[in-house]
Amino acid sequence: MKRYARVRDRMRYIVDGFVYHNNLVSGNPPLRYLGCVEHKRTGCHGRATLPVHGTSDQIRITQLHNHPPDIIAEEKYTFHKQLKAAVRSMESSTLKNVYETVADLYPQAAVETPFRSVSSSLHRWRQNPDM
């Protein structure tokens, strides 16, 4: 299990190719109630729980997914993170050049995340460095 910080303080967790976000922290002892990030797109009701200070060994799947795992979920996350860093550090390059430079490092993620789908985000990240 890998844990990733997200904008708006919504943590993402990648477990065996399934990506979850934190829905709720509740209980005594406190548990994180995780939901599948594909819920809106596919209607997936995949769910899991994890103790607040728990490890990947303690994750418990409570509801199965209705879709296959995303085997390159971690690569896509890293690709996205690297794009964000590169667009800020390569200020004199065009957005397309920034994308192509990072895409060479993450070819599978680039196939699933074409320039057209991230160009507005690249522009926004360059204009607002605090995002």
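Mentor: Start with N22, which is found in strand β3 (residues 18-26). Helices (H or I, at least four residues) and strands (E, at least two) are DSSP runs, numbered from the N terminus. Keep in mind that this is a predicted model: local features need pLDDT of at least 70, side-chain atom pairs count only at pLDDT 80 or more, and totals for chains, interfaces and linings use all residues. Residues are numbered from 1 along each chain as its sequence is written, and side-chain values use heavy atoms, with hydrogens and water left out.

Trainee: Is N22 buried or exposed?

Mentor: Buried means under 20% relative accessible area, exposed over 50%, and partly exposed in between (1.4 Å probe, protein chains only). N22 has 17% relative accessibility, so it counts as buried. For the protein, 33% of the 131 residues count as buried.

Trainee: Which secondary structure elements does the protein have, from the N terminus on?

Mentor: The order is β-β-β-β-α-β-β-α-α-α-α, which comes to five helices and six strands.

Trainee: Which domains does the assignment give?

Mentor: Domain bounds come from an automatic or database domain assignment. Here the assignment gives domain 1 (12-63) and domain 2 (72-127). Their centres, taken over C-alpha atoms, are separated by 27 Å.

Trainee: Where does D70 lie?

Mentor: D70 is in the loop between β6 (60-63) and α2. Its relative accessibility is 24%, and therefore D70 counts as partly exposed.

Trainee: What does D70 touch?

Mentor: Contact means heavy atoms within 4.5 Å. Not counting residues up to four places away in sequence, D70 touches G17 and K76. A polar contact is a pair of N or O atoms within 3.5 Å; within protein, one must be able to donate a hydrogen and the other to accept it, and residues adjacent in sequence count only if both atoms are side-chain atoms. The side chains of D70 and K76 make such a polar contact, at 2.6 Å.

Trainee: How many residues does the largest nonpolar core have?

Mentor: A nonpolar core is a set of buried Ala, Val, Leu, Ile, Met, Phe, Trp, Tyr and Cys residues joined through side-chain atoms within 4.5 Å. The largest one here has 15 residues, and F79, L83, V87, Y99, V102 and L122 have the most contacts inside it. At least two residues of this core come from each of α2 (73-89), α3 (95-105), α4 (107-112) and α5 (115-127). The largest share, five residues, is supplied by α3. Apart from this core lies another, of nine residues, including V15, Y20, A48 and I59.

Trainee: Which residues does L122 touch?

Mentor: Leaving out residues up to four places away in sequence, L122 touches L83, V87, L95, Y99 and F115.

Trainee: Which residues of α5 are buried?

Mentor: In α5, V118, S121, L122 and W125 are buried. The buried residues of α5 pack against α2 and α3.

Trainee: What span should α5 have?

Mentor: The expected span of a helix is 1.5 Å times one less than its number of residues. With 13 residues, α5 should therefore span 18 Å, and its end C-alpha atoms are 18 Å apart, which agrees.
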